[in-house]
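Here are a few exercises to work through with the model open on your screen. Try each task before you read its solution.

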Amino acid sequence: MDPEVVDKKFFTLLRKISKGEIPVQNLIDYMQKVENFCNEEGIELSEFLEEVFQDVICEEVHEIVNDSEWRSDAVGKKCVVSPEILSGLYPILTKIDQNTELVFTTNPNTPIEILEELSESSYDWEEDGTTSSLARNTNDETLLRKLAANSDPSTRFSVAQNPKTPHDVLRLLVTDEHFSRHMLYMSFDGGMSPGATDPIEEMIKCSIKFALIQNPNAPLDLISQIANNEKNFNMESNSEFFGSDGAVANSTLKRAADKILQSRR
């Protein structure tokens, strides 16, 4: 099998499936042929697929299935709406590249049983991951409650940011002093946000508490709790972020919370 031919055939089938022109079984059967070929030739399937998909396939898959750009939390008008098609594609795509989990956390038509499985994922990339994406995109309260207890701070940041997160969950997160690793990466490792001049202010925007006060569904008393707290951040446990600027960090968050209070009253 020529890797270029396999690549072309794979995406041709995927596009037809996404449009509802052919059943998912066609792709399942084709990938079985590919696996049989590898077995007959004594080739590792994973190595062959790496040769077939030399570029990261999740970008093209996201475009086809969700009708949007890779890593966008939005889906386009031509996204796959059939839960049956998504269920059929899920094991095929995630087996090839686990990055494609994001395709399913983003699509609002993904069946709940798949989302429940993805809520257990430990996969991440560039300090972001499957559970963080799921927490940004799901409207399911049960999943949001579960993700609020996730050990990954980027995931909890996304829960705090999600307007569908229940008030009682936000009340649990109001004491969370951690920072989203993904937001920190985007703000600093990936280059500080355009127009940003104050590193402390930029750092604060990566905190779970900041995500909470920005949530339009956050109760005013929770925002007041942060606005009136002189020690939102424990300086001993957060010294790696603020160094000797702990007082500045606390006052910066307090001002941000107070500004939101004034705008919502």
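**Exercise 1: the surroundings of Leu118**

Leu118 touches Tyr90, Glu101, Phe104, Thr105, Thr130, Thr131 and Leu134, leaving aside residues up to four places away in sequence (contact means heavy atoms within 4.5 Å). This is a predicted model, where local features need pLDDT of at least 70, side-chain atom pairs count only at pLDDT 80 or more, and totals for chains, interfaces and linings use all residues. Residues are numbered from 1 along each chain as its sequence is written, and side-chain values use heavy atoms, with hydrogens and water left out.

Task: work out whether Leu118 is buried or exposed.

Solution. Start with its place: Leu118 sits in helix H7 (helices are DSSP runs of H or I, at least four residues, numbered from the N terminus). Next, take its relative accessibility, which is 1%, so Leu118 counts as buried (under 20% relative accessible area with a 1.4 Å probe, protein chains only; exposed is over 50%, partly exposed in between).

**Exercise 2: the length and bend of H5**

Task: check what span the 14 residues of H5 should have, and find where H5 kinks.

Solution. At 1.5 Å a residue, H5 (residues 83-96) should span 20 Å (1.5 Å times one less than the number of residues). The end C-alpha atoms of H5 are 20 Å apart, which agrees. Then look at Tyr90: a kink of about 35 degrees lies there, shortly before Pro91 (the angle between axes fitted to the seven residues ending there and the seven starting there). Tyr90 is also among the buried residues of H5.

Notes
Helix = DSSP H or I, 4+ residues; strand = E, 2+ residues; numbered from the N terminus.
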